[in-house]
Amino acid sequence: MTACAPTCRRLPPPRPMRLNKFISDTGFCSRREADRLISAGRITVNGIRARIGSEVGEDDRVQVDGDDLRVRSVAKGRRQHVYIALNKPAGVTCTTESGVKGNIVDFIGHQQRIFPIGRLDKDSEGLILLTSNGDIVNEILRAENKLEKEYMVAVNRAVTDEFLRGMSRGVPVHGQMTLPCRTGKLGRFGFRIILVQGLNRQIRLMATHFGYRVKQLVRVRIGNVKLAHLKPGQWRNLTEAELHGLLPHRTNW
């Protein structure tokens, strides 16, 4: 029998993949949401209810609520996933739950399944990012990345230097002190604030601590991505420069 040349050496089989990563790679949802679906018993692998931490191989059949999930193929040189910047109007809710009236997914009506990166509460407006890539959601939101988020805020009382200093030093919210931030005055009843964290309704609660009520809140920047001239309700695809600015070390989009 003739020995096989080195060039025909058999390659090792592909390594199994964590189930939540497989689900996020299909664009169905983020890894965190995938874990929630697994815990709820809505994911099966080869007809058997999956468990948190399960792994799958290339021949395994993964289903959510009985429907097959498959990783999308992509042409060479093209993005596998969608990355969107939306100017969210007030009244739109940042949820993928189809049963919620005015949810952000139905509002955009994109042909691919997308979900928001982070949140912007229903009453707030401005820039929010959405994607079909569940892998990058936690990468972008990770606190140690210190990704700046800039807001313009209108309140019901005249803005004072004391108020701005208090906001910038930190305020007790949800049982913890907010991180130091940058603030600046915008006219008599407005201010600009730049945060590196995103607690639920953070700016509104911070203002309430000092006796102010937020009348309008608009996010104008996330990292290097700016709202610029995007009109309320309009969205656009992120540029290559914006993507690399958000996650400089990532090469697979």
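Colleague: Which residue of strand S9 stands opposite Lys88?

Modeller: Lys88 has Gly126 opposite it in S9. The model is predicted: local features need pLDDT of at least 70, side-chain atom pairs count only at pLDDT 80 or more, and totals for chains, interfaces and linings use all residues. Residues are numbered from 1 along each chain as its sequence is written, and side-chain values use heavy atoms, with hydrogens and water left out.

Colleague: Why is S7 described as mostly covered?

Modeller: Six of the six residues of S7 are buried; the word means under 20% relative accessible area, while exposed means over 50% and partly exposed lies in between (1.4 Å probe, protein chains only). In a regular strand the side chains alternate between the two faces of the sheet. For S7, Tyr83, Ala85 and Asn87 lie on one side and Ile84, Leu86 and Lys88 on the other, and both faces are covered.

Colleague: What makes strand S14 another enclosed strand?

Modeller: Five of the six residues of S14 are buried, so S14 is largely enclosed by the rest of the structure. S14 pairs in the antiparallel sense with S10 over six bridges; there, Tyr151 stands opposite Ile193. S14 also pairs with strand S13 (residues 182-185), over four bridges and again in the antiparallel sense, with Arg182 opposite Ile194.

Colleague: How many residues lie between S13 and S14 in their hairpin?

Modeller: There are four residues between S13 and S14, and Gly187 in the turn has a positive phi of about 75 degrees.

Colleague: How many aromatic pairs does a search of the whole structure find?

Modeller: The search finds three aromatic pairs. In the pair of Phe163 and Phe191, the ring centres are 5.3 Å apart and the planes stand at 80 degrees, so this pair is edge-to-face. The rule is that rings of Phe, Tyr and Trp (its six-membered ring) pair if their centres lie within 6.5 Å, with planes under 30 degrees apart called stacked, over 60 edge-to-face and the rest tilted. Phe163 belongs to helix H5 (residues 161-169) and Phe191 to strand S14 (residues 190-195), so the pair ties together parts that are 28 residues apart in sequence. Phe163 and Phe191 are both buried.

Colleague: Why is the pair of Phe163 and Phe210 called edge-to-face?

Modeller: The centres of Phe163 and Phe210 are 5.8 Å apart and their planes are at 85 degrees, which meets both parts of the rule, so the name applies. This pair links distant parts of the chain, 47 residues apart: Phe163 in helix H5 and Phe210 in the loop between H6 and S15.

Colleague: How do you know whether Phe163 and Phe210 are buried or partly exposed?

Modeller: Phe163 has a relative accessible area of 3% and is therefore buried. Phe210 has 28% and is therefore partly exposed. Ring pairs link Phe163, Phe191, Phe210 and Tyr212 into a cluster.

Colleague: What makes the charged end of Arg157 sit "over" the ring of Tyr212?

Modeller: The charged end of Arg157 is 4.3 Å from the centre of the Tyr212 ring. The term requires NZ of Lys or CZ of Arg to be within 6 Å of the ring centre and within 35 degrees of the ring normal.

Colleague: Why is Gln197 called buried?

Modeller: Gln197 has a relative accessible area of 13%, and therefore counts as buried. Gln197 lies in the loop between S14 and H6, and its C-alpha atom is 8.4 Å from that of Leu141, 56 residues away along the chain.

Colleague: What makes S3 and S6 the edge strands of their open sheet?

Modeller: Four strands form this sheet in the order S3-S2-S5-S6, with antiparallel pairing. Strand S3 (48-49) and strand S6 (67-68) each pair on one side only. Strand S2 (residues 43-45) and strand S5 (residues 62-64) are joined by three bridges, and Val45 has Val62 in S5 as its bridge partner.

Technical notes:
Helices (H or I, at least four residues) and strands (E, at least two) are DSSP runs, numbered from the N terminus. Two strands pair if DSSP finds at least two bridges between them.
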